[in-house]
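Reader: Could we go through this structure together, starting with the aromatic rings and then turning to the chain contact?

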Amino acid sequence: MSLILLILIPYTSAILSWKSKDIYSRWIAVTAVFTTLLISLINWLTLNEKVKFICPWIPQFNINIYLSMDGLSLTMVSLVGIIGTIAVFCSWNESRKNLFYANILWIIGSIIGIFLATDMLLFFFFWEIMSIPMYLIIYFWGYEGKGKSTSKLHRSATVFFLYTQASGLLLLIATISLVLVHYNVTHNLTFDYIELSKTSMSYRTEFFLMLTFFAAFSIKMPLVPLHKWVVNTHFYTPNSGAADLVGLVIKTAPYAILRFLLVFFPHTITFFSSVAMCLGLVNIFYGAYMVFNQNDIKKLIAYSSICHAGFILISIYTSNLISYQGLVIQIVASSLSTTGLILIASQLYKKLDSRNINEISNIWGQIRWLPATTIFFFLATLGVPGTGNFLGEFLILLGCYQTHPIFSYIATFSLITVTIYAVSAINKTCFGISNKRLISSSGKYLELSLCEGTLIFSLVFFIIALGIFPQIILETTEGPIFNILTSIEHL
Amino acid sequence: MIDITNFIQLLGLLPLAIVGITVVLLLVAISLKRNHLFSCLLTVSGLLISLLSLFLINTKNPHTVAFLMQIDRHAVFYVALMLLSSIVTCIFSYSWLEQNAVQKDEFYLLILIATLGGIVTAYVNHLTALFIGVELVSLPLFGLIGFNFQKNSSLEASIKYTILSATSSSFLLFGIALLYAKIGDLSFTVLNAAFINDIGYHQPLIIVGLTFVILSMLFKLSLMPLHFWTPDVYQGSPIPTVLFLSTFSKLAAFTALLRLSLYIPFLSNQTTQGIFTAISVISIIFGSLMALHQSDIKRLLGYLSIVQSGYLLTCITTIQISSISLEVIAIYLISYLLATFGIFSMLSTYCTKLDNSDYTFASSHMQKTSKMLTVKMTIFVLSIIGIPTTLGFVSKLYLLSMTINCRFWILVIAIVTGSLISLFYYLRLMNGVYVKKIFSEENFDTGMIYHRTSKVETAVSFLSVTFILLLGIFPQIIIRLLKFIL
């Protein structure tokens with residue numbers, strides 16, 4: 001029951017907040033995200049029972065509203081709860097609030113749905129439905145850029161929608177094909193994940209189906225030739241910080257690969273793993289290379305998240321318990337640190353009216369707490385020991401070394417490139433030439449408000465806690481990861 | 001004594017008879033006294049009664065009426081769809097006629113006559129009836145397209161359509177003649193027998209004759225090599241006529257082709273399947289590509305109509321191999337009709353007085369004046385794109401399942417590419433309602449945007465939205481319904 005509530009609460013409150021007045025809508029949103037967070041936290045207490053919810057949806061095709069939650073889903077859902085709460089709070093003063101909050105809640109509901117769905121069509125449903133509110137947010141509330149017309153913004157919204165639709169259509173075709181293959185073998189029409197994972201098929205079919213699924217997921221991931229939408233989306237999403245949801249949207253892809261792709265097509269892993277790892281390496285180094293050239297802080301964040309996606313992809317194809325645990329930590333930690341950077345970027349924009357890294361300089365000592373946290377989040381993205389990111393990368397590389405040592409060697413070098421960009425970004429923002437903007441801006445002392453400070457410091461807290469006490473997540477996710485591994489290895 | 005079985009057979013013709021009587025009544029009414037509202041009400045009520053009379057028809061066992069027509073479940077279903085689109089056209093045309101036309105009542109007359117033809121094409125079981133039906137649909141269209149005859153573009157479109165349509169009719173007639181020369185009978189049953197006995201594929205006359213017949217159908221459906229008339233005619237026609245063209249006339253042509261391919265199994269042949277696949281693929285892809293750069297909304301709708309016909313043709317291509325293709329067609333048509341009604345309700349609200357209708361047609365005050373309209377438009381466009389929770393998604397799901405199940409991978413690729421390309425202009429269409437500063441100030445003064453919608457129009461678009469969402473969220477309703485009907 002609690003599972004359906006997790007989805008229904010965001011959706012219903014989305015409609016409520018859309019229909020209500022501006023002042024109430026934000027409180028509706030706050031209540032909704034807090035309840036979702038609370039429900040997911042309650043689930044941590046009763047973890048051992050496997051929670052399920054089944055209710056028929058389209059009985060003719062045996063499609064059910066089938067939700068289930070294990071440790072992996074629970075971790076992801078809690079992450080959605082935390083980041084969703086931050087998204088709601090940091091867009092406190094957005095224009096046309098009611099519609100804005102409706103969109104945000106709609107995205108949160110869909111992402112939670114993706115992490116809970118056990119029926120493939122239901123999964124596709126959430127996967128697809130997530131793109132509309134995102135599109136609307138970019139379209140209406142997006143950041144136009146200095147002196148640029150809205151047409152560019154609108155085009156980038158369209159491009160975003162195009163990419164997600166391409167991904168959705170590929171996913172739909174792959175799902176239907178898989179279901180039909182299953183039907184032709186067993187004469188049992190079903191979209192159930194567990195049933196479908198037992199499908200037997202020829203290697204050729206398996207390979208092509210896997211490629212279709214992989215293509216669908218790699219658009220969302222994003223893998224390098226298909227990464228443009230993430231950069232655009234990060235760039236054009238509103239400055240207030242609601243963009244941290246993008247960080248979550250792209251985390252659905254690794255989850256989907258881990259949960260569906262590997263389990264459905266285990267025979268292809270041995271062959272495909274080296275290809276995928278090469279793609280992952282390309283992602284890492286291309287992302288790191290592109291970060292050097294960026295002046296816009298949001299684009300910098302986007303490319304660094306592409307970099308993280310490479311690490312995540314490599315770890316997915318190691319088929320190794322340690323690496324998978326590192327993967328979960330890395331997903332959580334990189335979402336949190338990206339969120340932190342986005343918050344910082346929105347604060348800097350608010351205070352200094354610029355997102356150009358060359359214009360934001362020498363803020364050290366100017367705004368209370370902000371420079372220190374800026375440095376912290378940059379260090380977190382590069383993976384300094386003590387943060388969750390370090391632990392994630394370390395476990396991934398450790399696990400990868402056992403199965404694919406060469407890829408592990410090469411990937412280790414990325415730590416250097418990442419360090420270069422992070423340090424240079426720190427240098428440019430916090431130190432460097434003295435800043436004219438700060439001095440000229442009306443002479444009053446710029447400060448973080450209480451709300452902003454709390455948000456940023458809670459993120460700092462989460463990242464450090466993850467680095468020091470990862471055990472709670474490791475224990476929670478061990479069971480489901482072990483299940484995935486056994487289903488891969490018991491061919 | 002009247003034969004009871006004969007009477008039951010004739011009952012099947014009741015909708016036809018009712019529409020015919022309405023035509024006569026309307027003629028009398030017009031000649032006595034012109035009253036626009038009365039004509040509209042008379043037409044709509046005649047069509048409604050005809051729609052209701054469909055319930056009286058016994059569809060359990062298909063029966064033929066006077067050799068020419070066969071009454072079965074499919075026929076009744078398509079007649080219902082056609083009557084529905086006629087009714088909606090009448091409703092939407094009322095306000096347009098009120099503002100723009102000199103002669104108002106004749107519009108309804110033409111629509112009624114075309115409806116007669118449409119019903120005949122749905123019942124068709126004989127090539128003669130096919131010809132009668134197709135001609136009855138296309139002749140009134142000459143008038144409907146040129147109804148705005150003060151305007152040169154409308155006249156031009158009308159003449160274009162007249163000439164091309166006459167050419168296609170002569171193709172049809174020529175094809176029928178060739179078939180008759182070889183077989184000596186025009187009934188579908190005999191033609192069917194000819195194909196089942198496998199002589200059909202080896203007789204040049206039959207092949208050429210059938211090709212001519214199908215070509216003329218493809219022309220009416222505006223499929224790719226024969227599509228050139230569509231954008232021009234759509235651009236020149238008045239808005240209610242565009243609605244009529246893209247719903248009713250397409251339905252009629254499609255039903256004719258559907259019955260042809262249901263009863264004459266020429267599509268079980270690999271070659272014909274290949275040709276049909278090629279036609280639908282190029283219609284979908286090139287239609288979408290050409291729609292990209294249109295700035296006139298009616299012209300855009302013309303290209304969209306080509307694309308939609310391409311999708312429909314994919315269903316016909318698989319009709320002999322796939323068991324669900326009839327269901328797919330039905331769901332596709334329903335979702336297409338609902339979304340088209342919706343989009344035209346928006347158009348007729350905001351473009352009634354616009355001469356050169358611009359792409360982004362919406363008013364700058366839309367957000368302020370009516371939030372509801374924005375939401376409706378968004379839902380309609382999302383349904384056409386095929387986003388989950390709308391009926392369009394269900395039809396997309398069906399369409400893709402069918403093509404994947406038949407292993408027509410080329411069609412799958414075409415559908416995917418087509419829907420990706422189409423995103424560009426559908427999104428532009430949707431954003432049209434959001435975009436501000438479209439009309440200059442003087443346009444506001446003439447009041448062209450603040451055209452009041454009638455309650456009925458709002459009700460139609462509201463009903464469309466409700467059905468799209470309801471059937472999209474609970475598709476089992478429509479699936480069960482179709483199992484029952486078909």
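Author: Rings of Phe, Tyr and Trp (its six-membered ring) pair if their centres lie within 6.5 Å, and planes under 30 degrees apart count as stacked, over 60 as edge-to-face and the rest as tilted. This is a predicted model, where local features need pLDDT of at least 70, side-chain atom pairs count only at pLDDT 80 or more, and totals for chains, interfaces and linings use all residues. Residues are numbered from 1 along each chain as its sequence is written, chains are lettered from A and ligands numbered from 1 in the order in which they are written, and side-chain values use heavy atoms, leaving out hydrogens and water.

Reader: How many aromatic pairs are there over all chains?

Author: The search of the whole structure finds 50. In one of them, the ring centres of Phe34(A) and Phe89(A) are 6.0 Å apart with planes at 65 degrees, so the pair is edge-to-face.

Reader: Is Phe89(A) buried or exposed?

Author: Phe89(A) counts as buried at 19% relative accessibility, whereas Phe34(A), at 40%, counts as partly exposed (buried is under 20% relative accessible area, exposed over 50%, partly exposed in between, with a 1.4 Å probe and protein chains only).

Reader: Switching topic, how many residues does each chain give to the contact?

Author: Chain A gives 30 residues and chain B gives 35, where contact means heavy atoms within 4.5 Å.

Reader: And which side chains meet in a salt bridge there?

Author: Lys396(B) and Glu128(A) do, at 3.9 Å from N to O, the rule being a side-chain nitrogen of Lys or Arg within 4 Å of a carboxyl oxygen of Asp or Glu.
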